[in-house]
Amino acid sequence: MEFHLFLLLTCLSSLAVARTSVSPAAEAVTWAVEEGAVTCVLVSFDAVLAVTYPALFSSGSINFTKPEQTTVALPSNAVIDQQSSSCSPTYQRIVLRWPGQFSHKLSIDFTKESQNTVVKSLSFEYDLSDSNLFPNATSGNATIARSNEKVLLTFPATSYWECETGVAIELETLAGEPYGAVLNATNVRLEAFRTASDKAFNGVPQVCAADPSTTTSSTTTSTTTSTTTTSSTTTSPTTQTTTTSSTTPWTVPTTTLSPPPSAVWSVKDTRTGGYCVLAALDAQFTIYFNATFPAAPNTTHIAPSHALTLPSTANVVQDQSYCDAGSVLAPRQRIVLQWGTYKTNLTLTFAQDPVTNTTTIKEVQLQYDLNDAAIFPDRTPLENNIVTAVSSGQIDTIPNHMYKQCLTGFTTLLKINGEKDLNATMAWSNVRLQAFRNQTTTTFEGNADVCQGDQHLTTPTPFITSTAPPPLPLSGAFYNLTYPNGSQCLMVHFDLGITAMYYKKDATVGNGTIASVNNGTINHTLSWCSENRSMLVIEEFLPSWRLKMQFDNWSGKAYMSMVQLKYNLHTSWKFPDADEHADMWMNATSLKRWSSTLGHSYKCLTRQDTLKLDTAGQRAVESMTLYLGQVKLRAFVPYNETITNGTQTWGQEEECGMDVLTNDIVPIAVGCALAALVVIVLIAYVIGRRRNRARGYESM
């Protein structure tokens with residue numbers, strides 16, 4: 001789970017405050033869980049939690065809820081919850097409780113697997129009725145935020161784990177985005193499944209990778225200990241041989257922006273001096289939002305934004321970008337770019353998987369302000385105009401020590417939380433990304449992990465669109481998207497017809513049909529091609545109507561996967577007395593129409609494809625059906641494919657069943673005619689032979 005961009009500002013600044021204000025590791029409080037004479041669990045750390053919770057605000061007579069942030073520090077006088085802590089042989093838990101009337105608790109669960117200690121989970125239970133920590137909270141309910149990783153940490157059972165530099169762990173709530181917490185812990189030491197009675201960390205410590213380690217002959221450790229029998233006891237100093245870490249004061253990672261024209265943005269880790277994240281890309285966003293007709297202020301409709309582009313002058317947000325977060329086994333890094341008067345933010349989050357030795361582009365977030373009238377004309381006024389759109393699922397993977405290159409680009413769908421019909425698309429191009437690096441230069445290191453669309457590229461070239469069709473003898477209309485060199489990336493032809501059963505003003509149902517709607521043009525801003533998905537948007541075939549067609553590349557097959565129709569019945573005389581005058585939207589999703597092998601084309605000239613659109617939530621029509629005939633499609637055409645005599649071929653054609661049947665009729669008919677002719681000749685021969693024999697008998 002990822003949080004809004006402002007959460008990282010809070011949590012990182014909180015971490016900086018916590019790290020510089022706490023005592024060194026040698027003076028940190030140690031908590032112990034005891035059972036009989038055995039001290040089974042020892043933990044020692046300083047912690048600050050950045051919590052995002054629902055808060056109630058008002059504007060005039062209107063009340064509304066929005067996320068609010070607060071920081072909660074683990075007090076040094078926290079005590080152990082005796083009833084909730086555990087010392088069983090294979091499962092152990094320590095629960096730290098804040099003093100006072102409110103039930104705030106921090107829990108760490110350990111399991112023993114083979115010869116290892118596993119930190120299985122971490123949770124924070126907090127009471128929103130504590131108005132000092134959570135002002136204006138919408139309710140006084142107890143809330144639990146838990147870690148979302150299956151395993152946070154593993155180390156040998158004969159050792160303890162140490163990380164003075166610190167870790168950040170994200171905690172989720174059942175409420176989901178954007179509510180939850182981030183635990184920032186420093187001076188960390190953890191040990192479980194102990195059999196000794198003392199309260200000193202035993203064995204050679206397993207030092208985290210973030211701590212630059214040095215070897216010393218001995219370290220003197222003095223601790224203040226809280227146990228299940230007493231809130232605190234003082235133990236005598238204990239001398240032990242360890243591998244220790246230098247105590248490096250925590251500072252917030254700073255970022256630097258490489259100047260144009262290179263437009264390479266970078267995040268610098270001030271602890272090591274290296275750059276952990278490099279990003280170079282062009283991006284264009286299309287955002288769907290609720291708009292109001294100027295002539296009818298009480299009528300709203302969904303509209304696409306004007307083009308929003310990531311400029312090369314965007315700045316890196318220093319206090320929201322970071323080089324280390326997440327769990328130990330799933331570290332994360334992030335870069336946040338900001339531009340414009342309205343402070344549009346683009347966030348790229350990366351995660352590392354040590355098992356597969358890969359880096360994933362984990363998430364993309366776009367935060368924008370609907371008050372930007374140049375991008376969102378006629379937008380519907382809202383209480384909260386700051387909107388965040390988030391990707392669903394990981395974007396791509398990159399082998400470690402390589403960087404991702406995709407100059408031809410790809411597209412990512414961004415969803416807006418709580419909105420079914422509103423979303424945004426991000427069209428990437430000229431992409432180079434690298435994370436989890438520690439070089440002191442801003443040059444992409446290692447080999448490029450090149451996307452499929454770049455396999456034939458010789459120079460970086462973005463996509464452009466065109467409507468110039470190849471000269472083929474078909475009725476209907478061609479709609480093609482092309483590369484800069486003039487070759488097509490998408491070639492499609494069809495004859496469009498529309499039938500609607502619509503609601504009339506007198507409450508009856510009318511029937512309107514429009515045949516051969518083939519005078520549309522491509523919307524150059526909303527149409528695009530990428531490696532695995534392409535979008536074709538056709539407009540002006542009817543006033544205020546728009547047809548959006550999505551094509552996917554999956555498992556070696558290219559096909560049409562989605563159709564979306566924007567319509568307004570009032571703009572066509574084919575739907576007289578229509579009751580609804582507003583712009584409306586209908587979809588047909590999860591399709592697999594017009595499928596062909598990648599590199600081939602689909603053809604169906606004799607059969608008309610009928611596509612019924614989803615009528616859920618429609619108030620204008622009872623049904624809407626599209627009729628698509630004379631279909632030819634070739635999608636995901638390789639870049640720089642050979643063009644002969646100014647035209648591009650459709651490749652090997654894969655025909656629909658009706659076309660195959662039609663093509664077979666002529667040879668079958670010829671064969672049947674020849675067979676009939678042979679039969680007629682044979683019959684004539686037999687009849688003639690019999691007559692000749694009959695005449696011979698008569699002459700005798």
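**Bridges, a cavity and ring pairs**

Colleague: Which residue of β9 is the bridge partner of serine 123?

Modeller: Arginine 146 is that partner in β9. This is a predicted model. Arginine 146 also has a bridge partner in β12, glutamate 172.

Colleague: What makes β8 and β9 a pair?

Modeller: The count of bridges. Two strands need at least two bridges between them. β8 and β9 (residues 142-147) have five, in the antiparallel sense.

Colleague: How do you know that β9 and β12 pair?

Modeller: The cut-off is at least two bridges. Two bridges join β9 to β12, and these strands run antiparallel.

Colleague: What is found by a search of the whole structure for cavities?

Modeller: Four cavities of 30 Å³ or more. Two or more lining residues come from each of β8 (116-127), β12 (167-172) and β13 (180-191). β13 gives the most, with four residues.

Colleague: How many residues in the lining of the largest cavity are nonpolar, polar or charged?

Modeller: By class, 14 are nonpolar, none is polar and none is charged. Leu, Ile and Val count as nonpolar.

Colleague: How many aromatic pairs does the search find?

Modeller: It finds 17 across the whole structure. One of them joins tyrosine 368 and phenylalanine 376, 5.4 Å centre to centre with 25° between the planes.

Colleague: Why is the pair of tyrosine 368 and phenylalanine 376 called stacked?

Modeller: Ring centres must lie within 6.5 Å, and planes must be under 30 degrees apart. The values are 5.4 Å and 25°, and the pair is stacked.

Colleague: Why is tyrosine 368 called buried?

Modeller: Buried means under 20% relative accessible area. Tyrosine 368 has 3%, so it is buried. Phenylalanine 376 has 2%, so it counts as buried too.

Colleague: Why is the pair of tryptophan 545 and phenylalanine 575 stacked?

Modeller: Their ring centres are 6.0 Å apart and their planes meet at 15°, so the pair is stacked. Tryptophan 545 sits in the loop between β42 (533-539) and β43 (546-554), and phenylalanine 575 in the loop between β44 (557-567) and β45 (584-588), so the pair ties together parts 30 residues apart in sequence. Tryptophan 545 and phenylalanine 575 are both buried.

Colleague: Which residues do ring pairs link into a cluster?

Modeller: Tyr53, Trp98, Phe124, Tyr126 and Phe134.

Colleague: How do you know that lysine 592 lies over the face of tyrosine 559?

Modeller: NZ of Lys must be within 6 Å of the ring centre and within 35 degrees of the ring normal. The distance is 5.2 Å, and lysine 592 lies over the ring face of tyrosine 559.

Technical notes: Residues are numbered from 1 along each chain as its sequence is written. This is a predicted model: local features need pLDDT of at least 70, side-chain atom pairs count only at pLDDT 80 or more; totals for chains, interfaces and linings use all residues. Side-chain values use heavy atoms; hydrogens and water are left out. On a 1 Å grid over the protein atoms alone, a cavity is a set of points where a 1.4 Å probe fits but cannot get out, and a pocket is an open set with protein on both sides within 12 Å along at least five of seven lines; lining residues have an atom within 4 Å of a point. Grid points are joined across faces, edges and corners, and a volume is the space filled by probe spheres set on the points. Rings of Phe, Tyr and Trp (its six-membered ring) pair if their centres lie within 6.5 Å; planes under 30 degrees apart count as stacked, over 60 as edge-to-face and the rest as tilted. Buried means under 20% relative accessible area, exposed over 50%, partly exposed in between (1.4 Å probe, protein chains only).
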